[in-house]
Every structure is written in structure tokens, then in C-alpha cells.
Amino acid sequence: MIRFINSKTTRRTWLAAAGLLLMSFVPATAGDYASQISVYRRAHGLSVVTMDGKLNAVALRQAQAMAASGTVSHSVAGEFRTRVAGLRKSRAAENIAAGFLTFPETLKQWEDSAGHRENLLMVGAHKVGVASVANPKSAYRMFWAMVITD
């Protein structure tokens, strides 16, 4: 006998899993990043996010600095607070990663990490910027940065 449980938690879990499954078959483009993050956020009852050019630029500078140095560090491009000060946002957070070649892999790692997940699920977030930079000479090969704000 098949039994369906009608609960928000079950529905959210199913939606998140379905979204991740679909994302794993399609290569991500910059515009898809916000959509993929939004699928995860909606599955947890939160608002969608949209891509923001200024946040993309902040994320790109961070990813470039990490790729150039071959290190994974929030401060390699300068302190985060300083890098986002000009945005005049009341809330801002950053996720970084390296070693994952695709965005779905990177997003999954962030979802599975408590601190990164907290940033993805920031209440009141509406804008996001995501960037990746390759460095084939590094053991990591690919460096990722995401900035999310209200």
C-alpha cells in the first residue's frame, strides 16, 4: 500500500530533492544560479532571490582572488564587511567553495554545511551574486563565491 503524507515538511523535502535532481542534469549558467538557490529557499518556505550585478561583481572579485592565490579564504580579497560596505545592505553573507566543478555540486555542499545553509536560508534575502573562476594549476581547479543580501 502506498501512503501519501500531506505535510509541508514532506512537500518541501520532495521539492528540494526534485529541484536538485533536475539541476544535476543541466549545466548551470549565471542566470540559473539564482533559480537553483531559489528552489532550495522555496522548499524551506522562504522568498526567491534574483541575480544582482553588483553582488556578482563582489563574488567575482572573491573567486578571482582565491583562484589567483590557490587558497580558500573569506579574507583573501579583503575583509567581507569592507567588500560589501558600499552596497548599503542591512544583511549580507558570503559562501565560498573550491574543488567542485559544477554549481549543483557546490550548492549541494553548501546545503549540507550548517553555516553555509544558514546563509542560503537568510530570512529576508532577495538578491544574490555568484561567480566561479578556474585555476587548472591548483589542486582545487575551480573556486566559487556567493554573496546574498536583503
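## Surroundings of Asn135

Not counting residues up to four places away in sequence, Asn135 touches Ala67, Arg141 and Phe143, where contact means heavy atoms within 4.5 Å. Asn135 belongs to strand β3, residues 127–135; helices (H or I, at least four residues) and strands (E, at least two) are DSSP runs, numbered from the N terminus. With a relative accessible area of 16%, Asn135 is buried. Buried stands for under 20% relative accessible area, exposed for over 50% and partly exposed for values in between, with a 1.4 Å probe and protein chains only.

This is a predicted model, in which local features need pLDDT of at least 70 and side-chain atom pairs count only at pLDDT 80 or more, while totals for chains, interfaces and linings use all residues. Residues are numbered from 1 along each chain as its sequence is written, and side-chain values use heavy atoms, with hydrogens and water left out.

An open sheet of 4 strands has the order β1-β3-β4-β2, with mixed pairing; two strands pair if DSSP finds at least two bridges between them. Its edge strands, each pairing on one side only, are β1 (50–51) and β2 (92–98). Strand β3 runs antiparallel to β4 (residues 141–149), and 9 bridges join the two. Lys127 has Thr149 in β4 as its bridge partner.

Helix α3 (residues 53–69) packs on this sheet and touches β1, β2, β3 and β4. The direction of helix α3 makes about 25 degrees with that of β3; axes are lines fitted to C-alpha atoms, for helices over the stretch in contact, and angles run from 0 to 180 degrees between N-to-C directions.

## Aromatic pairs

Rings of Phe, Tyr and Trp (its six-membered ring) pair if their centres lie within 6.5 Å; planes under 30 degrees apart count as stacked, over 60 as edge-to-face and the rest as tilted. The count by this rule is 5 aromatic pairs. Tyr33 and Phe103 form a tilted pair, 4.5 Å centre to centre with 45 degrees between the planes. Tyr33 lies in helix α2 and Phe103 in helix α5 (residues 103–111), so this pair ties together parts 70 residues apart in sequence. Tyr33 and Phe103 are both buried.

The rings of Phe103 and Trp144 have centres 5.7 Å apart and planes at 50 degrees, so this pair is tilted. Because Phe103 lies in helix α5 and Trp144 in strand β4, the pair ties together parts 41 residues apart in sequence. Ring pairs link Tyr33, Phe103, Trp110 and Trp144 into a cluster.
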